[in-house]
Amino acid sequence: MQKHRMLIGGQWVESGNGEFFESLNPFTGKPWALVPRGTIDDVNQAVGAARSALKAPSWAELSATDRGALLRRFGDLLAKRADELAEIESRDNGKLINEMSAQLHYMPQWFHYFGGLADKIEGRVLPIDRPGMFNFTFEEPLGVVAAITPWNSPLMLGAWKLAPALAAGNTFVWKPSEHSSVSALEFGKLFAEAGFPPGVVNIVTGFGNEIGDTLVGHPDVAKVAFTGGDLTGQHVYATAAKHIKPVTMELGGKSANIVFADANFDNAVKGVVSGIFAATGQTCVAGSRALIQRSILDEFVEKFVAFASTARMGDPLDTATQVGPITTQPQYAKVLDYIEIAKAEGARCVLGGKAATRPECGDGWFIEPTVFTDVTPSMRIAQEEVFGPVLAVIPFEDEDEAIEIANGTQYGLAAGVWTSDINRCLNMAKRLESGTVWINTYRVSSFISPFGGYKRSGFGRESGLSAIREYLQEKSVWIDTSGATANPFVTR
Ligand code: NDP
């Protein structure tokens with residue numbers, strides 16, 4: 001098994017106490033790599049290195065144009081290693097090679113886009129109302145950014161934070177998920193190759209419950225960018241609050257994929273399949289609730305089940321596979337628990353509903369694509385994030401009822417709408433309480449378009465122009481140009 005090292009201050013190091021942990025391949029259930037088990041001391045060193053790099057002339061005095069050039073060069077290097085990194089991700093988190101490969105081949109765009117933006121971060125001269133005063137603003141980096149990411153799209157969710165944070169002139173400490181750290185460590189090698197000064201990007205691996213609080217609460221960490229589950233997010237947010245530091249929170253969801261009777265039927269069937277079974281439901285934007293207009297409910301369920309039941313399961317590294325394993329054993333157990341809860345609550349299982357034991361699934365943690373009908377909006381299967389290949393089908397009569405059900409959860413990450421009525425498209429887009437609305441499509445994202453949650457799905461935006469603002473602070477500068485002597489006892 002290959003032993004990996006962490007990146008601290010430009011050096012590749014073992015953890016302070018020399019301990020490693022095993023990273024498991026979800027298809028075989030067996031360990032395939034050894035990853036350093038970072039310690040509190042390692043975190044302190046990584047933050048120290050990021051803090052020093054922030055002040056070092058090699059970064060602090062680099063022009064924004066040159067910073068942008070580094071990012072674009074990094075993007076070019078990443079493009080060359082996309083296939084290799086995609087394969088590592090697929091082996092480490094069990095997601096389909098097709099999915100990881102598409103993410104990796106698209107990812108350089110984040111570095112090109114934000115690299116281009118680096119020297120377009122401008123202050124403003126304000127038409128100030130005070131006579132004899134000149135007022136302008138600077139946009140400045142926040143300082144050291146700590147990023148914490150989950151296992152489902154390891155590099156993509158890191159890149160969404162790294163590219164804008166570095167473009168804005170911050171330095172970075174990244175703790176990837178313990179279940180999928182290997183790709184981040186390989187990706188980390190490209191920073192030196194691209195010419196980034198040592199310490200600008202640091203990667204510490206290990207267990208969130210051992211080192212997370214130290215990283216989040218570190219006095220030299222100026223901002224925390226978190227993606228993960230809402231309960232972990234709550235904990236991270238509370239720790240950051242104790243130290244009054246800004247956070248972005250990209251959390252979970254219970255997204256509704258809403259199909260009206262006037263939709264293109266075949267496209268809608270495929271769109272709902274893609275929303276829940278692509279990525280084995282292990283995506284924050286999983287369309288885990290299908291809201292189907294009652295007049296087409298039976299026909300839709302019949303066609304949907306027929307189509308979904310043909311999904312090929314198996315080795316995620318095989319490009320013909322359509323549904324892969326669940327990434328971790330505890331997550332596998334959790335999904336099976338939710339299936340039992342749904343049955344106990346009275347939902348009717350019309351597809352799957354059990355662990356998959358097909359020969360092509362080997363020893364992996366596979367669950368059959370599962371569909372429940374007779375689901376009511378208050379059932380747990382309709383309210384809680386399962387993060388697996390489990391769909392809850394809920395009927396509705398009209399637009400008002402669809403909105404009431406769709407908005408009736410604590411989450412608000414994404415929603416899909418399938419209709420051929422343009423007025424309905426716009427009305428639904430306005431009325432849905434979610435950070436992303438897809439109409440006649442699902443799961444599209446771009447470096448140009450902001451992504452983030454409403455309600456318990458979080459706050460702050462990644463990608464697009466909005467993202468850079470998450471990593472900047474604005475300074476207002478006043479100059480008295482009047483030359484007059486001010487009365488010190490009167491506020492001007
Ligand atoms: P977790 O919340 O379990 O973990 C996320 C990250 O937080 C991991 O790196 C984890 O480390 C770390 N962590 C755990 N405990 C702490 C702590 N006390 N302090 C600081 N960090 C800690 O999420 P999962 O990895 O299970 O990922 C699945 C979740 O992520 C789902 O809820 C999903 O919806 C959400 N997600 C949201 C997205 C979005 O953009 N909105 C995108 C993708 C996923 P460790 O791995 O060591 O436990």
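Leaving aside its neighbours within four places in sequence, which residues is Leu166 in contact with? Select Leu166 and then, one after another, Trp59, Arg67, Leu71, Phe172, Phe191, Phe196, Val200 and Val201, since these are the residues in contact with Leu166 once those neighbours are set aside, where contact means heavy atoms within 4.5 Å.

Before going further, note that this is a predicted model, in which local features need pLDDT of at least 70 and side-chain atom pairs count only at pLDDT 80 or more, while totals for chains, interfaces and linings use all residues. Residues are numbered from 1 along each chain as its sequence is written, and side-chain values use heavy atoms, with hydrogens and water left out.

**The nonpolar cores**

A nonpolar core is a set of buried Ala, Val, Leu, Ile, Met, Phe, Trp, Tyr and Cys residues joined through side-chain atoms within 4.5 Å; buried means under 20% relative accessible area, exposed over 50%, and partly exposed in between, with a 1.4 Å probe and protein chains only. As a general background, nonpolar side chains tend to be buried together in soluble globular proteins.

**The two domains**

Now colour the chain by its domain assignment, with residues 2-251 + 457-476 as domain 1 and residues 256-439 as domain 2; such bounds come from an automatic or database domain assignment. The centres of the two domains, taken over C-alpha atoms, are separated by 31 Å, and the contact between them takes 23 residues from domain 1 and 30 residues from domain 2.

**Two buried loop positions**

Go to Ser153, in the loop between strand 8 (144-148) and helix 7. Is Ser153 buried or exposed? With a relative accessible area of 5%, Ser153 is buried, and, apart from neighbours within four places in sequence, Ser153 is in contact with Lys95, Met100 and Gln103.

Move on to Gly324, in the loop between helix 12 and helix 13 (329-344), which counts as buried at 1% relative accessibility. Setting aside neighbours within four places in sequence, Gly324 is in contact with Gly94, Leu96, Thr280, Gly314 and Phe366. If you draw a distance from the C-alpha atom of Gly324 to that of Ala278, 46 residues apart along the chain, the separation is 8.8 Å.

**Salt bridges**

The structure holds 27 salt bridges, each being a side-chain nitrogen of Lys or Arg within 4 Å of a carboxyl oxygen of Asp or Glu. Select Arg124 and Glu474, whose side chains meet at 2.7 Å, N to O. This pair links distant parts of the chain, 350 residues apart, with Arg124 in the loop between helix 6 (108-117) and strand 6 (125-126) and Glu474 in strand 21 (residues 472-480). Arg124 is partly exposed, at 44%, and Glu474 is likewise partly exposed, at 42%.

Turn next to Lys303 and Glu299, which form a salt bridge at 3.6 Å, N to O; both lie in helix 12 (residues 297-308), 4 residues apart, about one turn of the helix.

Then select Asp400 and Arg431, whose closest N and O atoms are 3.0 Å apart. Asp400 lies in helix 15 (residues 399-406) and Arg431 in helix 16 (residues 422-431), so the pair ties together parts that are 31 residues apart in sequence. Finish this group with Arg81, Glu84, Glu186 and Lys189, which are linked in a network of salt bridges.

**A nonpolar surface patch**

For the last stop, select Val125, Phe134 and Ile479, which make a nonpolar surface patch of about 260 Å². Patches are made of residues with over 30% relative accessible area and no salt bridge, like charges being joined within 9 Å and nonpolar side chains (Val, Leu, Ile, Met, Phe, Trp, Tyr) within 5 Å; accessible areas come from the Shrake-Rupley method with a 1.4 Å probe, and for residues only the protein chains shown count as cover. Phe134 is found in strand 7 (residues 133-141) and is partly exposed, with a relative accessible area of 37%.
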